[in-house]
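Open the model in your viewer and keep the selection tool ready.

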Amino acid sequence: LTEAYLTAIEASDLNAFITVTPERAHEMAEASDTRLAAGTGRALEGIPLGIKDLFCTEGVRTTAGSKILGNFTPTYESTVTQNLWDAGAVLLGKLNLDEFAMGSSNETSAFGPVLNPWGENLVPGGSSGGSAAAVAAHLCAGATGTDTGGSIRQPAALTATVGIKPTYGRCSRWGIVAFASSLDQAGPIARTVKDAAILLREMASLDLKDSTSVDRPVPDYEAALEGGVKGKRIGIPKEYRVDPMPPALDALWQQGIDWLKDAGAEIVPVSLPHTKYALAAYYIVAPAEASSNLARYDGVRYGLRVEGDDIIGMYEATRAAGFGDEVKRRILIGTYVLSAGYYDAYYLRAQKVRSLIARDFNRAFEKDIDALLTPTAPGPAFSIGGKPDPVEMYLNDVFTVPVNMAGLPGISVPAGLSETGLPLGLQLIGRPFEEDGLMPIARVIE
Ligand code: GLN
């Protein structure tokens, strides 16, 4: 299996991988074979995976899609990837992504854009674009992603794969290059809900090295697949629309509702009134945290260094050369909204909006709603270079960011095709730590 995937990666021109690790893969696969022969095989024994290049991997270059980390090789392993290796999985290599996971199309990567296997010159979504494209093109059995505002679910939707953003705290953030720490979560991208469920079960754990990791037993998400949806109450939030709403997306949403009704679920209209403020608040909170997290890239401790006349000159030259345009834009926005005099007007206000968004979801779930069904993204994959305006790009996240703002679990499931024959996804949003409850519902839609 490992050999087959390595051959497929070699032959592929999607630019999904930044680094391929054939030697490491063979070593791990052989160790798996030995354990299988001894009858001590584990849950993911010998399963070849791709890892988003935001997860630190010991002894394997980890770039975060940035020039500034272009030569960075960690001396430690992220908790999530360690959990996967402990379950017997095999590392094929590190997957391309938007620089520091900032983007919705994989076009901000310093290692070039990733192509979507669904069409000529199409983006795979982002920021986990390499992960989604590699899974869709059968270059790996499954992949890890991270999701700060939609970066697992949106690329999954654009490539007809399944992506899960778990509840904040479910997967450890330790060893994952930080973007916006109060929003970042790791999760799987896979070809089926079942594969994604198995991967999530193995990725999740309590980790004392991440102070926001939560001490809750990890359910057997695979067993949960069989739960059925009879009597489940599915909320349909009326605010999850764009203007104009693409007819195929609207029709698909209705189709999803019908599938769930036919399977015995009850459909309940709900209102999440603060949804319209989520995107604006996200694009204050996320850059604020990013500007702080990215202060560490100063040419002293990690990666790239560009000499200057003095130490300040060295910092400036390093950051000017090392960061791309989108990352610089986020740092500028972030430092602005955190600066004295603007903090109350922007950052504090965005935090208040964040509380209101979380309260909307709580109120819906208090009405015995088991899950919410929405579209994942406002449209299908678009052309490379097709959205040059950053604000237009940010609109891609309109249905996914509220879930991160509230810390809830969300899953994107391939549901149908656009007028132009490209994949569209539907999103299920669940109660905190009830990813297991989403599994049987997702199965009805896939
Ligand atoms: N597209 C969003 C952004 O650029 C989300 C990215 C993510 O989830 N990592 O911030």
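How do the residues of the shell around the ligand divide into nonpolar, polar and charged? They are 4 nonpolar, 8 polar and 2 charged. Here Ala, Val, Leu, Ile, Met, Phe, Trp, Tyr, Cys and Pro count as nonpolar, Asp, Glu, Lys and Arg as charged, and the others, Gly among them, as polar.

This is a predicted model: local features need pLDDT of at least 70, side-chain atom pairs count only at pLDDT 80 or more, and totals for chains, interfaces and linings use all residues. Numbering starts from 1 along each chain as its sequence is written.

Select the ligand surroundings. There are 14 residues, each with its C-beta atom, placed from the backbone, within 6 Å of the molecule. Ala101, Ser104, Thr148, Gly149 and Ser151 are the closest.

Next, show the strands (DSSP runs of E, at least two residues, numbered from the N terminus). Eleven is the count to look for: an open sheet of 11 strands, ordered E1-E3-E2-E4-E6-E5-E10-E11-E9-E7-E8, with mixed pairing. Pairing takes at least two DSSP bridges. E1 (17-20) and E8 (266-270) stand at the edges with a single partner strand each, so one side of each has no neighbour in the sheet.

Zoom to E10 (410-417) and E11 (423-430). They run antiparallel, joined by 7 bridges. Pick valine 413: its bridge partner in E11 is leucine 426.

Finish on helix H6 (193-203), a DSSP run of H or I, at least four residues. Of its 11 residues, 9 are buried (20 or more other C-beta atoms, placed from the backbone, within 10 Å of their own). Among them are Val193, Ile198 and Met203.

Technical notes. Buried ≥ 20, exposed ≤ 12 C-beta atoms within 10 Å, placed from the backbone.
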